[in-house]
Amino acid sequence: MLEKLLPNVFQMKGQFIQATWETLYMTFGSAVISAFLGLFLGIFLVITQPGGILEDRVTYSLLDKVTNLLRSIPFIILLAVISPLTQYLIGTTVGTTASLVPLICGIFPFYARQVQNALLDVDDGVIEAAQAMGSSPAAIIFRIYLREGLADIVRVSIVTIISLIGLTTMAGAIGSGGLGDIAISIGYARFQNDVILVAMLIILILVFAVQIIGDWCVGLIEHRPLGRTTNPARTEKSGKGVKQSFWWLAGSLAVVSLIFVGIHTMTTQAAQADQTKTITIGSQGTDYETWKYIAKSQSAKDLGLKIKVKQITDGVQLNQATSQGNVDVNAFQSLSYVQAYNQQNKGNKLAVLGTTYLEPMGIYSKKYKNIVDLPTGATVAIANNPSQATRGLLLLQKAGLITLKKGFGNLGMVNDIVANPKKLQFKKIDDTTGPRVINNVDAVLISNTVALEGDLNVLKDSIFHEKVDQSTKANVNILVTAAKNKDNQEYKKIGQIVSSKRDSKVHSEKILWNQN
């Protein structure tokens, strides 16, 4: 019964187990380090603020502004901004471990502010009494602030961990994996709603588990067993014991989390050491599935190639990972796309190893059956990606709908149209959402990789599409590597697999480019 309701999930059981492990690793690995950094910063904000026990307006002002600044950066942007730091610390900008750096940088300022608010709720009278009795600042921090504010610290810790689980879903943009990555790159992109549903349910279970455990810990600290009252003196004594027990529990959880991170790191390093001769190919979408098939093909075995395929959903991140050497070769883009990338990233250029296949871009419509039927003023959805937009404009020109200016290049725009007899209206969209907006516009330009994910066949469903000829040469998919590896003979062998007639599955989904 369940297998019929969740067919794609049952085919991906192993991937779901791996993704759950990755989500737990990212969440608790970053939570441990963020807890120390956030607690330290939160305490300093409290004790150095005006009227604090170690008042220092300059230090407080600096820490306060830095905390606000770091909290203000959207996480998806932070992933890109601190990629050089990630590269320096981890040695790579892609993968589950690499995601820990942006996760920590993104969450510890939030946690610090939460800790600050929790400690500010501690009764000022108690602090003043401790100062009057000659208690040192360290004694006030540990015996007053942390002890009296412990329950609130646990509460904000729960909120922080739940927020971290949410952030891990965005970390898939740098190939970190996890449940969020499965939900978006497979479930959403390929219209597999059962995958989205199950990924969401697992995330909800994790959130509920964290909340339940956290509430239990707060109950222990506040010593509220079944709402019964106890003798005040006894409550104070037992409450102190409970708090000590809690710190032991928190310390134990921290140690377990560090062991957890250590095991993952050692496992990863062992796998990398065992795969010194493995070629890592980065890809995305249906190209990722194609290359997984190619990696296991007989042609790959005949050439003595051991290939590992890694999915990174963002094209720019994938190219950066390749130029930095974190991915050996990538296979997802056209020649025009990499030319545009190299033009914008002259210090980290990529080199072409060879061509693979042409994935024709098509013009799709649910309202019209023929390209000539598009009415005057029709709304056409076009990619906001410069490379794909350029390709789409050239296709519209080929269809006779527009005329582009002379010298139209690799980074052309809608503004480069010099003649538009049908007065077409253009709507820019994320190029991966074409199949989802097709019902809301008159026509949409969709690349073949995205079309396949939306269960569209370019040869049957499009009203006009690219043909294999010299005019589409720049749109042929290619294999690229870092410029320093352009003469690597092992990498060049990969192109021979695609041209092998033995692996017909590739030919059934892609249109091969004649490399002769």
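1. A contact is taken here as heavy atoms within 4.5 Å. On that basis, the cover over the buried residues of helix α11 includes α3 (13-48), α12 (193-222) and β2 (307-311). Helices (H or I, at least four residues) and strands (E, at least two) are DSSP runs, numbered from the N terminus. Buried means under 20% relative accessible area, exposed over 50%, and partly exposed in between, with a 1.4 Å probe and protein chains only.

2. The model is predicted: local features need pLDDT of at least 70, side-chain atom pairs count only at pLDDT 80 or more, and totals for chains, interfaces and linings use all residues. Residues are numbered from 1 along each chain as its sequence is written, and side-chain values use heavy atoms, with hydrogens and water left out.

3. On confidence, pLDDT is the predictor's confidence in each residue, from 0 to 100. The mean pLDDT of the protein is 83, and 86% of its residues reach 70 or more. Residues 224-239 have pLDDT below 50, and this stretch has 5 contacts in the model beyond near neighbours in sequence. Residues 511-516 also have pLDDT below 50; for this stretch the model has 22 contacts beyond near neighbours in sequence.

4. As to overall architecture, the protein contains 24 helices and 13 strands. Of its 516 residues, 49% are buried. Among contacts with a separation of 6 or more, 76% are between residues 24 or more positions apart.

5. Because 8 of its 10 residues are buried, α11 is largely enclosed by the rest of the structure. The buried residues are Leu 179, Gly 180, Asp 181, Ile 182, Ala 183, Ser 185, Ile 186 and Gly 187.

6. The next point concerns nonpolar cores, each defined as a set of buried Ala, Val, Leu, Ile, Met, Phe, Trp, Tyr and Cys residues joined through side-chain atoms within 4.5 Å. In soluble globular proteins, nonpolar side chains tend to be buried together. The largest core here has 40 residues, of which Phe 16, Val 154, Leu 179 and Val 195 touch the most other members. At least two residues of this core come from each of α3, α5 (75-81), α7 (100-120), α10 (150-168), α11 and α12. The greatest contribution is that of α12, with 11 residues.

7. Which residues does Val 195 touch, not counting those up to four places away in sequence? They are Asn 8, Val 9, Met 12, Phe 16, Ile 182, Ile 186 and Gly 187. A second, separate core of 21 residues includes Met 361, Leu 374, Ile 382 and Ile 417.

8. Aromatic pairs are rings of Phe, Tyr and Trp (its six-membered ring) whose centres lie within 6.5 Å; planes under 30 degrees apart count as stacked, over 60 as edge-to-face and the rest as tilted. The structure holds 2 such pairs. The ring centres of Phe 40 and Phe 44 are 4.8 Å apart and the planes are at 40°, so this pair is tilted. Phe 40 and Phe 44 are 4 residues apart in helix α3, and are therefore separated by about one helical turn. Phe 40 is exposed, at 54% relative accessibility, whereas Phe 44 is partly exposed, at 31%.

9. The rings of Phe 332 and Tyr 337 have centres 5.6 Å apart and planes at 75°, so they form an edge-to-face pair. Phe 332 is buried, with a relative accessible area of 11%. Tyr 337 is likewise buried, at 11% relative accessibility.

10. A charge sits over a ring if NZ of Lys or CZ of Arg is within 6 Å of the ring centre and within 35 degrees of the ring normal. Arg 436 lies over the face of Tyr 188, 3.7 Å from the ring centre. The charged end of Lys 467 is placed over the ring of Phe 464, 5.2 Å from its centre.

11. Gly 134, which follows α8, has a positive phi near 85°. Thr 96 lies in the loop between α6 (83-90) and α7 and is buried, at 10% relative accessibility. A polar atom of the Thr 96 side chain lies 2.9 Å from the backbone oxygen of Ser 176.

12. Finally, Ser 299 lies in helix α15 (residues 298-302) and is buried, with a relative accessible area of 6%. Ser 299 and Ile 497 are 198 residues apart in sequence, but their C-alpha atoms are 5.5 Å apart in space.

Terms used. A polar contact is a pair of N or O atoms within 3.5 Å; within protein, one must be able to donate a hydrogen and the other to accept it, and residues adjacent in sequence count only if both atoms are side-chain atoms.
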